[in-house]
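Okay, thanks for coming, everyone.

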Amino acid sequence: MKKYIFILLAATLGLSSCSPFKVRSDYAETANFSSYKTYKIRIDDLKLNDIDKDRVLNELSKQLQTRGLQSGESPDLIVNVKANHKKVTDITTSNPGGMWGWGGGFGWGIGMNRTWSSNYNEGAIIIDLIDSKTNKLVWQGIGSGISVDRPQAKQKQIPQIVAEIMANYPPGMKKK
């Protein structure tokens, strides 16, 4: 019995350590990422409140500097940040099963399907890195799954998702 409880606990802890976000990235294979040394953040399309905007920009600057890039007025990379959200409806159905007796399933027994639905807003952040000399997109990272409707969750989730997006930059180099 103790062995099964331990396995269940280990499985639960393993699942809870997984990221709640969906993160992906793409890049131009011809770009020389080692030549990029400076950046400038552009927020033309960053439609967030000031608190969330600061969270995104602070974490993004921190992540870029961790990767050896410095902010500059004549940058090698233009960093364009966008945010959006969409309404999501989750539908959950459960079947508690039941006990069936005589009559080929038409006899006595219990069990009813139950269905719940919940509506919420899910946010996403898109980070584009544009080569300032060619004005071409060289890297893009997208992360979704932010709980837009829960301010306390956003406080932790925004820096976390930006860090997870930037973990894919530069391409081919996994960060710890």
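I'll go through the core and then some salt bridges.

Quick housekeeping: this is a predicted model, with local features needing pLDDT of at least 70 and side-chain atom pairs counting only at pLDDT 80 or more, while totals for chains, interfaces and linings use all residues. Numbering runs from 1 along each chain as its sequence is written, and side-chain values use heavy atoms, with hydrogens and water left out.

So, the core. By nonpolar core I mean buried Ala, Val, Leu, Ile, Met, Phe, Trp, Tyr and Cys residues joined through side-chain atoms within 4.5 Å; buried is under 20% relative accessible area, exposed is over 50%, and partly exposed is in between (1.4 Å probe, protein chains only). The largest one has 27 residues, and Ile125, Ile127 and Tyr169 touch the most other members. Helix α3 gives the most to this core, five residues (helices are DSSP runs of H or I, at least four residues, and strands are runs of E, at least two, numbered from the N terminus).

Now, salt bridges: a side-chain nitrogen of Lys or Arg within 4 Å of a carboxyl oxygen of Asp or Glu. How many does the structure hold? Six. In one of them, lysine 154 pairs with aspartate 52, closest N and O atoms 2.6 Å apart. That pair links helix α3 to helix α2, 102 residues apart. Lysine 154 is buried at 12%, and aspartate 52 is buried too, at 4%.

Then there's lysine 40 with glutamate 73, at 3.2 Å, N to O. Here lysine 40 is partly exposed at 34%, and glutamate 73 is exposed at 67%.
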